[in-house]
Every structure is written in C-alpha cells, then in structure tokens.
Amino acid sequence: MPLGSRVIRRLNWLAPLLALAMVAACAKDFPQTTLAPKGDLARIEDAVFFETVKWAALVFVLVEGALIYAVFRFRGKPGDPEPAQIHGNTVVEVIWTVIPALILAMIAVPTVKAIFKENETPKGNALTVEVVGHQWWWEFRYPEYNLTTANELHVPVGRTVSLKMGAYDVVHSFWLPQFAGKRDVFPNRETRLWFTAEDPGEYSGQCAEFCGIQHGRMAFRVVAQPPAEFTSWVDHMKTITMQPAATSAAPIDSVHTSSAGAAVEQQTAPPAPPAPGASDSAKAQPGPAQDPRVAQGQKLFLMKGCVGCHSLVAYNAPKGLLGPNLANVGARTYIGAGTLKNTDENLTHWIRFPQDVKHGVLMPNLGVTEDEAKALVAFLRTHR
Amino acid sequence: MATTVLGHEAHVAAGYGEKTGLWSWITTVDHKRVAILYGVGALFFFLLGGVEALLIRIQLAKPDNTFVTPEFYNQLFTMHGTTMIFLAVMPMSQVFFNYIIPLMIGARDVAFPRLNAFGVWVFLLGGLFLNVSFLFGAAPNAGWFGYANLTSKQFSPGLNVDFWMLGLQILGVSSLAAAVNFFVTIVNLRAPGMRLMRMPMFVWMSLITMVLLLLAFPVITVALIMLMFDRFFGTHFFVPSGGGDPILWQHLFWIFGHPEVYILILPAFGIVSEVLPVFSRKPLFGYAAMVFSGVFIAFLGFGVWSHHMFSTGMGPIADTFFSLATMLIGIPTGVKIFNWIGTIWGGSLQLKTPMLFALGFVAMFIMGGLSGVMHASPPADLQQTDTYFVVAHFHYVLFGGSIFGLVAGAYYWWPKMFGKVLDDGLGKVHFWLQLIGFNLTFFPMHFIGLHGMPRRVYTYPKGLGFEGMNQLETVGSFVLAAGFAVFLYNVWKTWRHGAPAPADPWNGATLEWSIPSPPQEWNFPEIPTVSGRDPLWDAKRQRGGPLPEPPRVSGQGIHLPAPSYWPLVTAFGLPVLFTGLMLASKIGPWGIVVGVALLFFGLFNWLFEPSYTSIPGVRGKSHH
C-alpha cells in the first residue's frame with residue numbers, strides 16, 4: 001500500500017514527539033507510570049498504545065480542526081439568506097467511511113500481532129511465581145524454592161517471570177505498570193501473566209479491580225535484583241525461622257537443614273544490603289547484645305494470637321493462612337500492603353490499631369499496649 | 001391511531017389541559033406531563049449524583065485524605081455511577097422521548113398512555129428505593145457494575161447490595177415499559193405521510209434506543225434474578241466455592257452494559273442531529289447514512305461486550321474478535337461525526353445556546369471516541385483498564401457526549417415545553433463554564449490514569465505523583481458545578497420573568513414547532529399530513545415566509561385518554577414487594593404478600609377501567 005506507507009512515513013515524526021512529551025520525567029515523578037516501561041511485556045503494550053496515539057492525534061487535529069474552522073468560517077447573521085440546501089454527497093460520504101476503516105486497519109494489524117505475542121507462554125527457564133490476591137494484600141509463592149512472601153515480590157533481572165495467579169476470596173487484579181500491565185485474578189480459576197525485568201530497582205503496583213472496602217490499600221512492590229543478588233536473597237529467606245535472627249542458630253530444625261547447602265553458598269557471596277546482620281551471619285557468631293524486648297516480643301507474638309494468622313517462616317511456609325507471611329517483614333519498605341512506610345513508629349501504631357489505619361482489614365484491634373507493641377516491633381525487626 | 005378526531009361529538013376535552021393541582025398530576029396520563037415528571041425526577045437525581053461526584057473530588061484532592069471514610073467513599077462512587085446512568089441520563093432521555101416524539105410524529109399521545117404513567121412512577125419510586133439506603137447507612141457499595149463474587153452474601157453481608165440489585169430490578173421494569181411503549185408509538189402512530197425514512201433523526205435514534213432497551217434489559221434482569229437467588233436462597237450461580245463462576249456475571253453484565261452505553265448516547269445523537277440543522281439553516285447531511293450508522297452501531301453494540309473484560313485473560317482468539325468488533329464501531333461513529341460537520345459546513349450558523357451545546361457535544365465526543373479506539377486494543381487496554389484513563393474516556397462519552405447533548409435538547413425544546421425561552425446570555429455563561437469545567441476535570445484523568453492511578457480507590461499515597469492533577473480535577477469539578485448553578489438560576493429567572501415564547505422560536509424544521517408553546521393537551525387539533533423530511537421548512541418555503549402563530553383552540557370533540565391513578569397504585573406494588581423480599585428474613589413473608597396484593601389490585605383495576613373518557617350522549621363504557 002504505497003499511499004498508506006507514505007502516510008505512515010509522514011507521521012513518523014509524530015510518535016517520538018508525543019512519546020517525548022508524555023514520558024518526560026515520567027518514571028521519576030510518577031513511579032507507577034505506564035509510560036516508562038522497564039519490561040518486555042510492558043514494552044509491547046506501550047508500542048501498541050503509541051501506535052493508537054499517533055493515529056488518534058492525527059484524527060484529532062484534522063477533525064477538531066475542521067469543526068472549529070467550520071464554526072468560524074460559516075458563522076451567520078440573522079438576516080443572511082438561506083444557505084444552499086445540501087442533503088449529502090455520496091462521494092464524500094464514501095471517502096469518509098473508507099478512510100477511518102483504513103486507519104483502523106493500521107491499528108488493528110499491530111494490535112493483533114501484539115495480542116498473540118502477549119498470550120504466548122514463556123519458554124525456557126522462566127521463574128514461576130504463584131500470586132494469590134487476598135482482601136487486601138498479595139501473597140507470592142516460589143514453587144521452585146518453596147518460599148512464600150507477601151506484598152514484596154523479589155525477581156531476578158533478565159529472567160522471565162511467569163505468574164500463575166489466583167485469588168483467595170474475591171476478584172482482584174494484579175497490576176504492575178512498568179513491567180506487565182494487569183491481569184485479573186479469580187477464586188477457583190488460574191490466570192497468567194509474564195514479564196522480564198530489565199533494570200534492578202523497586203517498582204510499585206497495586207490491585208486494579210474493586211475488591212471491597214480497602215481496595216485502595218492493596219499495593220505491592222516488586223524488587224528487581226541482579227541474578228546473584230536475587231539468589232542470595234532466596235538463600236537468605238530459606239534460613240529465616242520463628243526465632244529472632246540473633247539466636248536463630250540454636251533450634252535448628254528440619255526446615256533449616258534442608259537449606260543448609262544454600263546457606264553455605266551464601267557466605268561465599270554475601271547477601272545484599274537488606275539483611276546485613278540477619279540469620280546467616282548469626283550462625284557464624286553470636287549476635288550483638290540482644291534487646292530484651294526481642295524475647296518479650298517473641299512471646300507476645302505467640303500469646304496475642306499473631307501466630308494464628310501470620311507465619312514467620314518463608315521456607316515451606318504453611319499455606320492458607322489468613323494474614324501475610326512476615327518472614328522478612330523487618331526489611332520491607334511498606335506495611336499494610338502499601339498503607340504505611342515501614343518505620344518503627346508506624347509498625348507500632350499498626351499493631352495496636354489496624355482498624356484505625358485500614359478500616360475493615362481482617363486483623364482486629366487486639367488490645368495490644370504501647371509497650372507490648374514496641375516489643376513486637378523489636379522482635380519483628382529481627383525478621384529481615 | 002390510538003386517538004381519533006370525533007369532530008361531530010359532544011364536548012370532551014375542552015378545558016382539560018388547563019387542569020391543575022396535585023391530583024391532576026397524580027392521575028395524569030398526558031405524555032407531556034409524564035415528561036415533566038421524568039424531568040423533575042431526573043434533575044433531582046442528577047443534582048444528587050453531582051453532589052456525590054463533588055464529595056468524591058474533595059476526598060481525592062489530596063493524598064491520604066480522610067474527608068470521607070473508605071466505606072462511605074465506596075458508597076459514593078457506586079451511587080454516583082448508578083444514579084447518573086439509571087436515574088439521571090436515562091430519565092433525561094425519557095423527558096425528550098415523552099415530550100417530543102409524539103409531537104415530532106404528529107400524534108396526540110403515546111400508544112399506551114397509562115403504561116407511560118406507570119413507567120414514570122416506577123422510575124421515581126425505584127430512584128427513591130435506591131437512595132433511601134443512605135438513610136440506613138447501607139447505600140450500595142460494590143460499584144455500579146456489581147462484580148461477583150464481591151456481591152455474594154459472604155463478602156457483602158449487609159443490605160447494601162440488596163438495595164442495589166432490587167433497585168435496578170425496579171428501574172428495569174420502568175425502562176422496559178417505556179421501551180415497549182415508544183417502540184409501538186413510533187411504529188404505529190406516525191402522521192400520514194411520515195414514512196420511516198422521513199422520520200426526524202431524533203425519532204430514528206429513539207427507535208433504535210427502544211430496540212436496544214428491549215434486547216439488553218432482559219439480560220440484566222436475568223442476571224439480577226440469579227444474583228438475588230444467590231443472596232436470598234443460597235444458590236451458587238456466581239459463588240466459586242459452590243462451583244459458580246464470577247466471570248459469568250461479567251459476561252451477563254456487559255452483554256447488557258455495553259448496549260446500555262448506546263442507550264445513553266443514541267438519544268443525544270438524535271438531539272444533536274435536530275439542533276445542528278436548525279441552527280445551521282441547512283438540512284442534516286447524509287440522512288440515510290445517519291440512520292444506517294445508528295442501526296449499525298446498535299447491532300455491533302451487542303457483539304463487543306467482552307472488551308470490558310480483556311484483563312480477565314480470555315485468550316488470543318476472543319481478544320482478537322472483540323477488539324476488531326470494537327474497532328469496527330469506530331467507522332459508523334466516524335460517519336456520524338463527519339456528517340455533523342458536513343451539516344454545519346456551508347451553513348449559516350446561529351450560535352445560540354442550544355447550538356453551542358450541540359457543537360460542544362461533537363467536539364467532546366470526538367475525544368471520547370478516540371480514547372475508545374485506544375483501549376479497543378487489548379495490549380494497550382491491559383494498562384488502561386480500571387484506571388483513570390477509562391474514567392476520562394467514558395466521561396468524555398457520557399458527559400461530553402450524553403449530557404452536552406441533553407443540555408442542548410433542554411435549551412432547544414424549553415420554549416416548546418414551558419412556553420418561555422431560556423435566557424441566551426446566561427445560557428452562554430453556562431456553556432463556557434461547563435466546557436471549561438468539564439475539560440479541567442476530565443482531561444487530566446487521561447494522564448493520571450496512564451501514570452498509574454487506578455479507579456475506585458478512596459485515596460492514594462504520597463509519592464506516586466498523583467497530587468497535582470487530582471487538585472486540578474477537583475477545581476474543575478467545582479467550575480462544572482458552577483455551570484449548572486447558572487443553569488438553575490436561568491430556569492428560575494425564566495420561570496419568573498421570561499417572555500412568552502412563540503410557537504416556532506428557532507425556525508424549526510419539525511412538526512413540534514407548528515403548534516403553540518406549550519402545546520395544548522391534544523397536541524394537534526388536526527393530525528398533519530407529512531410529505532418530506534423537514535415538513536415545517538417545506539411549509540414555510542411554500543408560504544414564502546414564517547407561518548402565522550397557531551391559535552389555541554377549544555379542543556371540542558377531541559377524544560383523549562382518561563386520567564387514572566391505577567398506574568401509580570400498581571407502581572407502589574413493586575418497591576413494597578421488593579422491600580418485603582429484602583426484609584423477609586426479619587419480618588416474614590408479609591411484606592411480599594402486601595406487595596403482590598397491591599400489584600394485582602392495581603393491575604386489576606387498571607385493566608377494567610375504561611381507557612378513554614366516556615363521551616356523553618354516545619356510549620357509556622365503550623372504549624378500552
């Protein structure tokens with residue numbers, strides 16, 4: 001189609017210009033933007049989007065321009081004679097039926113190509129992650145490593161992540177703008193999504209399907225790490241137990257031995273910042289002087305019923321718990337699925353009054369005192 | 001013909017139209033009064049929905065705001081959507097269906113005048129039923145789309161969802177009654193000579209809307225009954241733990257929901273297609289293309305529902321089908337837009353208020369259409385769906401489209417309906433405030449959505465960059481509200497101080513402008529004969545100038561439907577029945593019994609009441 005391709009070539013300057021205008025400072029000012037893709041799937045979506053934007057911009061300028069021109073050009077005065085009474089023009093009408101059809105074909109072709117691309121099953125050595133949407137938090141499981149975590153998904157840069165998703169209660173939607181777009185998750189039905197992270201960093205996403213009173217507070221983070229760093233994170237997660245990190249060497253159980261091999265490796269390649277003084281180093285030497293509140297917190301975690309809903313073990317963690325896994329809660333950026341920054345103060349407040357912070361959440365106000373909450377925080381901080 | 005001229009008969013209807021007082025409104029079956037009842041209700045609910053929108057905008061004006069609770073916010077956005085769709089835009093269209101269609105086709109009333117009255121009472125009672133929930137703190141809170149399985153008893157144990165599903169069920173009865181009525185009216189009651197292809201475009205678009213209503217509403221009715229069974233009787237249509245499927249609800253809802261979009265926009269298409277020619281002094285460009293593109297849009301409208309569900313992961317074949325079908329709708333829609341521009345092209349434009357709103361409609365609707373093509377593409381939609389980008393899109397269609405079109409219609413037909421022309425200066429102030437406020441409110445939503453803000457969130461955290469544009473949107477929403485305040489002032493001022501309007505203030509082309517403003521109860525003393533698409537322009541051209549002001553006549557011997565309060569009694573049966581159903585677990589079956597009894601009592605008396613005024617000296621109860 002020579003005419004079509006000529007039109008496209010004429011239009012080509014439009015796309016980068018628009019892209020530039022829209023993306024300018026995007027990622028920095030808008031950390032959840034869809035306009036600065038950092039993963040392959042998001043790039044496919046972005047490319048199709050800009051294909052539509054290009055044509056829409058052209059049509060917009062021409063049609064709105066014609067409308068505005070006509071309004072100024074044909075403005076009449078009350079005394080003017082009656083204008084020519086034209087009822088239609090077949091040639092013109094056929095032209096303006098065919099042109100939109102051609103433009104839509106220009107959009108349809110890349111659209112259909114992209115539809116089939118994004119529906120492909122990832123091939124090769126993809127990292128499978130099971131995603132479970134809960135009212136109102138996200139559970140992530142790595143079957144390959146038998147690990148469970150919540151609200152912060154760690155992924156290796158450069159390796160395709162294949163998400164197998166479901167929901168525990170109602171319909172949610174997993175939306176990770178910079179990597180993958182979104183896919184709804186359902187109870188009793190598996191949906192899939194995949195992406196490959198390009199650059200290390202922390203990325204934000206959140207639930208996009210209305211799922212009840214706290215739909216607005218159902219965010220998650222994705223931490224993309226260089227492969228080595230990711231491997232050490234996995235190894236480190238396997239070592240976390242119920243015990244506070246500094247004393248975790250003492251009651252080694254079957255869970256721990258099974259990950260011993262990994263733990264050895266880890267010492268040759270020390271883990272990244274998140275957990276410098278955590279369980280792995282504890283094995284080599286006794287931890288620094290232990291805060292007495294840590295032991296108290298550990299007791300409270302059992303006494304106050306926290307343990308009924310939360311697990312502190314990531315490796316081989318029990319499934320079907322009502323609350324998010326807390327194995328590395330001390331190291332997460334946010335608490336309450338993106339509700340509060342994970343500071344000691346906020347965590348204390350959250351433990352005491354979850355219903356005030358995030359009304360309707362399944363965690364009740366348990367009548368924890370300020371001192372008890374602080375002890376719990378001290379204890380949870382050892383789980384990094 | 002439902003009505004007949006019985007010129008030789010004794011007096012029947014004289015003085016009829018002058019009847020006033022509450023009782024005359026309660027018993028009215030006059031399509032013009034029914035229209036005004038629709039209008040009063042629609043305006044009230046529109047303002048209510050507008051207040052809900054303003055509360056939403058205040059809450060979102062800053063991050064982590066606590067102006068309203070999350071629970072109340074969810075009620076607000078659910079009721080804003082439900083109200084604007086079912087209680088504002090649809091009944092506003094009903095105002096014009098009721099008032100204008102019979103006048104445009106040269107009829108004395110609608111085909112089923114008492115069914116018409118029943119429809120408006122059911123609408124008003126249904127609207128009250130939905131909104132009474134606020135008084136119990138149990139307003140619907142699961143979105144206007146009510147996605148399963150959040151609406152199941154397990155996850156929504158309160159009365160909120162009950163109010164929503166039963167309220168919609170009541171309103172569906174009203175819509176179906178109106179659809180049957182106007183379909184039959186348009187098909188059967190046209191004046192002699194008004195062939196289908198001579199019908200005014202508003203009548204055409206209305207006819208298509210009726211077909212859409214007749215085909216789409218049964219689907220939501222069935223879906224709501226299934227939901228009702230799930231909630232009241234423990235079935236599992238949409239409950240996954242019992243083997244049901246939440247996606248089934250999405251399919252059923254959108255098979256209704258997408259045609260519903262055209263139910264909301266097609267009447268506005270029709271209004272604009274009337275206003276643009278009159279104020280361009282030039283006939284509608286491409287009449288036949290306009291008719292067929294409308295039919296085509298409606299037809300395709302039933303084959304695109306799953307484009308609301310791309311993110312559910314339907315697989316490449318379904319994605320492709322629904323994507324291409326959706327894009328196809330862009331063609332007839334484009335034809336319409338080009339024909340509107342073709343209509344004003346070469347005309348002599350009179351930029352009065354109705355014309356400004358009609359032009360605003362075209363300008364805004366273009367943008368809504370273009371963003372619609374963007375998320376017709378599933379890969380792009382995987383980012384855009386459930387974000388503010390979609391909120392921007394459908395407000396450009398339903399506000400920039402439907403509301404601009406309906407406001408154009410209000411200014412255009414106000415003199416016909418109330419006998420006074422709305423002030424043009426205030427109208428222009430209204431227009432500019434609305435245009436600027438609208439764009440300030442909704443244009444930034446495109447960007448905020450693309451930058452990652454999802455819909456239906458009661459707040460957003462700091463640090464995602466959402467603050468600035470949300471503040472702008474909130475400012476815009478108040479400018480928009482100011483526009484409607486000017487409109488209300490204009491209505492009040494015109495009511496008190498407006499000069500009487502002539503029969504034909506705009507040099508109109510259609511039959512409604514040939515009779516006095518406001519029309520007498522029987523509309524046409526003599527049923528006109530039509531020989532073209534713009535009968536009044538033809539008449540004026542033949543005469544070589546404006547027509548003389550039509551006289552108000554006595555109406556002697558004109559035979560009209562009798563007033564009746566049985567439609568209202570019957571209408572009361574529905575909310576009573578549904579309230580009884582809702583409270584059955586607490587009060588037993590008695591509410592249901594009373595509701596059913598009321599329904600049958602009303603229907604029985606309705607059926608055995610003579611439907612036309614008896615004519616003294618002719619026969620007693622002859623007409624049914």
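The model is a predicted one, and its chain B is built with 18 helices and 0 strands. The radius of gyration of chain B is 25 Å, close to the 25 Å that the globule rule gives for 624 residues, so chain B is as compact as a globular protein of that length. Along its principal axes, the C-alpha trace of this chain spans about 75 × 65 × 50 Å, and 61% of the 624 residues of chain B count as buried. Among the contacts in chain B with a separation of 6 or more, 82% are between residues 24 or more positions apart.

A local example in chain B is Gln59(B), which lies in helix H2 (residues 31-59) of chain B. Leaving aside neighbours within four places in sequence, Gln59(B) is in contact with Asn65(B), Phe67(B), Val68(B), Tyr73(B) and Tyr458(B). The C-alpha atom of Gln59(B) is separated by 9.2 Å from that of Thr69(B), which is 10 residues apart from it along the chain.

Chain A, in turn, contains an open sheet of 5 strands, in the order S4-S10-S9-S6-S7 and with mixed pairing. Its edge strands are S4 (152-156) and S7 (181-185) of chain A, each of which pairs on one side only, and the twist from one strand to the next averages 25°. Strand S9 (residues 201-207) and strand S10 (residues 219-225) of chain A run antiparallel and are joined by 6 bridges, with Tyr203(A) having Val222(A) as its bridge partner in S10(A). Helix H6 (residues 227-239) of chain A packs on the sheet, where it touches S4 and S10 of chain A, and its direction makes about 130° with that of S4(A).

Within this sheet, S6(A) deserves a separate look. On one side it pairs with S9(A) in the antiparallel sense over 2 bridges, and Phe174(A) stands opposite Cys207(A) in S9(A). S6(A) is also joined to S7(A), again antiparallel, by 5 bridges; Trp175(A) has Lys182(A) as its bridge partner in S7(A), and a hairpin of 4 residues connects S6(A) to S7(A). Since 5 of the 5 residues of S6(A) are buried, this strand is largely enclosed by the rest of the structure. Both faces are covered, with His172(A), Phe174(A) and Leu176(A) buried on one side and Ser173(A) and Trp175(A) buried on the other.

The contact between the chains takes 77 residues from chain A and 72 residues from chain B. Among the elements of chain A that give two or more residues to the side touching chain B are helix H4 (40-73), helix H5 (90-118), strand S6 (172-176) and S7, and H4(A) provides the largest share of that side, 15 residues.

The largest nonpolar core has 295 residues, of which Phe195(A), Val272(B), Val275(B), Ala358(B), Phe361(B) and Ala408(B) touch the most other members. Helix H7 (residues 246-280) of chain B gives the most to this core, with 21 residues, and at least three residues come from each of domain 1 (2-78 + 85-118) and domain 2 (123-384) of chain A. Leaving aside its neighbours within four places in sequence, Phe361(B) is in contact with Ala268(B), Val272(B), Gly401(B), Phe404(B), Gly405(B) and Ala408(B).

Key: Residues are numbered from 1 along each chain as its sequence is written. Chains are lettered from A and ligands numbered from 1 in the order in which they are written. This is a predicted model: local features need pLDDT of at least 70, side-chain atom pairs count only at pLDDT 80 or more; totals for chains, interfaces and linings use all residues. The radius of gyration is taken over C-alpha atoms; the globule rule is 2.2 Å times the number of residues to the power 0.38. A residue is buried if 20 or more other C-beta atoms lie within 10 Å of its own, exposed if 12 or fewer, and partly exposed in between; C-beta atoms are placed from the backbone. Two residues are in contact if their C-beta atoms, placed from the backbone, lie within 7 Å. Two strands pair if DSSP finds at least two bridges between them. Axes are lines fitted to C-alpha atoms, for helices over the stretch in contact, and angles run from 0 to 180 degrees between N-to-C directions. A nonpolar core is a set of buried Ala, Val, Leu, Ile, Met, Phe, Trp, Tyr and Cys residues joined through C-beta atoms within 7 Å. Domain bounds come from an automatic or database domain assignment.
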